[in-house]
Amino acid sequence: MPNLNRRQFVQSALEGAAALATVAAVARPARALANDAIHVALIGTGGRYRAFVPELAARNDTPVAAVCDVDQRRVAVAADNVERAQGRRPELYGDYRKLLDDPSIDAVFVATTHHWHAPIAVAALAAGKDVYLEKPGSHVFREGRAIVDMAAKQGRIVQHGTQMRSSDVLAKAGQVLASGLLGEIKMAKAWNVQRRAHPGPQPDGQPPAGVDYDMWLGPAPKRPFNPNRFHDNWHAYRDYGNGDIGNDGAHDLDMARWGLGVETHPIRITAHGSRVDPSTGERDFPDNTMVAYQYADGRVLLYEDRLWTPYRMDGFDSGNAFYGTKGYMIFSRRGYFQAYLGMQDEKGPGLEQGDTGMSAHVADFLDCLRSRRQPNASAQVTHLSCGLIHLGEVACRVGRVIHFDPQSEQILADDEANALLTKDYRHPWTLQT
């Protein structure tokens, strides 16, 4: 549907408002990609999609065939940017379901609000598309399991947007961890400390012209439009985002789990969160959070954020520490690590600079589309790391220790907490399984 006018855009978005479960009821096998071009689509055209355009345009085998957004202005700007980068204008869509019906689209890059990540990803997988999914891949815990199961059922590839998984600095830090220089890693910590102010309360109003606001809400509860809850500000509200533990914290928790070397869920989670600085603005989430995750073998992963601080910790706003029996390592997704040994904190191997892995991460995803091997941040990696976000938030919300069974993926003896592993989806939307 190229070059939509406003009437066509709105009509497209309103058509077929059937349940999400019927979006791609009949899965279609993907085309063989051994030597063919990989036709991709971008779903969600806020700021994050811009990271993909140069990576895709730099190759001659990955044309961006379509872009999709509920905001007519944004999707037009995105199409202009893509056309400048690759010399060919993509198709424009206001409704991702129509895009998924196109059998020529091989893969989608999903960069919407958090509450739309999993519903779109699961529908895309069911439609025979491979999926690059921005973090966090799931808005609630159960969505992560739905992504894993649908990817396995359809034989599709999922790459999570935790791009440090493909960075050179991570590979070199991994060599140090694997060498035994630091001993056995018993504990890992992740942090996100920065000043993250949000606007104060604002009155409700009308959505901007050219925006299908009902589609933007999708499975979220129906409520009047408010600029605080829309473009650029929605992270602070539980209906659409996951707070900072699911924003920057998604990267830092993923790195902490990677360094600790655990490939399962924790069994015991404790958390605290509060508001200590009213000047951080209106938000559904605390402006400081601390979570402790214990694994079955006794290892511990810690997370903390402070959104009212004008300073960093150990030199980084987002970082990790890996504590071993002989030494420890400071690591940051900003592209740095440094090891320290023994009682005197003698410096071991370190790398002062490194890339953040974006180019390699996109390339890894595209290579996997041809080889069908699992990528660096697969659906299972996504679920285990995003599970930490959701279990931490649940523990914080109920205000007590929660005990989790990694096999059944259930919170034990706590119906209130267990119910928070999922959510209600506004009719007619639901999560396809």
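I took a disulfide to be a pair of cysteine sulfur atoms within 2.5 Å. The model is a predicted one, and by this rule I counted zero disulfides in it. I looked up cysteine 368, which is in no disulfide, the nearest cysteine sulfur being that of cysteine 386, 18 Å away. For cysteine 386 I then noted that the closest cysteine sulfur belongs to cysteine 396 and lies 18 Å off, so it is too far for a bond. I also checked accessibility: cysteine 368 is buried, with a relative accessible area of 0%, and cysteine 386 counts as buried at 1%.

Next I turned to helix H6, residues 141–154, whose 14 residues reach 21 Å from the first C-alpha to the last, close to the 20 Å expected at 1.5 Å a residue. I listed its buried residues as Phe141, Glu143, Gly144, Ala146, Ile147, Val148, Met150 and Ala151, and found that the buried residues of H6 pack against helix H5, the strands E5, E6 and E15, and H11. Just after H6, I noted that glycine 155 takes a positive phi of about 65°.

Last, I examined how H9 (residues 248–260) and H11 (residues 379–398) meet: their axes come within 9 Å and cross at roughly 115°, and the crossing is right-handed. On the H9 side I recorded Ala250, Leu253, Asp254 and Arg257, which meet Val381, Leu384, Ser385, Leu388 and Ile389 in H11. I sorted the residues of this contact into six nonpolar, one polar and two charged.

Conventions
Residues are numbered from 1 along each chain as its sequence is written. This is a predicted model: local features need pLDDT of at least 70, side-chain atom pairs count only at pLDDT 80 or more; totals for chains, interfaces and linings use all residues. Side-chain values use heavy atoms; hydrogens and water are left out. Axes are lines fitted to C-alpha atoms, for helices over the stretch in contact, and angles run from 0 to 180 degrees between N-to-C directions. Helices (H or I, at least four residues) and strands (E, at least two) are DSSP runs, numbered from the N terminus. A crossing is left-handed if the near helix is turned anticlockwise from the far one by less than a right angle, and right-handed if clockwise. Contact means heavy atoms within 4.5 Å. Ala, Val, Leu, Ile, Met, Phe, Trp, Tyr, Cys and Pro count as nonpolar, Asp, Glu, Lys and Arg as charged, and the others, Gly among them, as polar. The expected span of a helix is 1.5 Å times one less than its number of residues. Buried means under 20% relative accessible area, exposed over 50%, partly exposed in between (1.4 Å probe, protein chains only).
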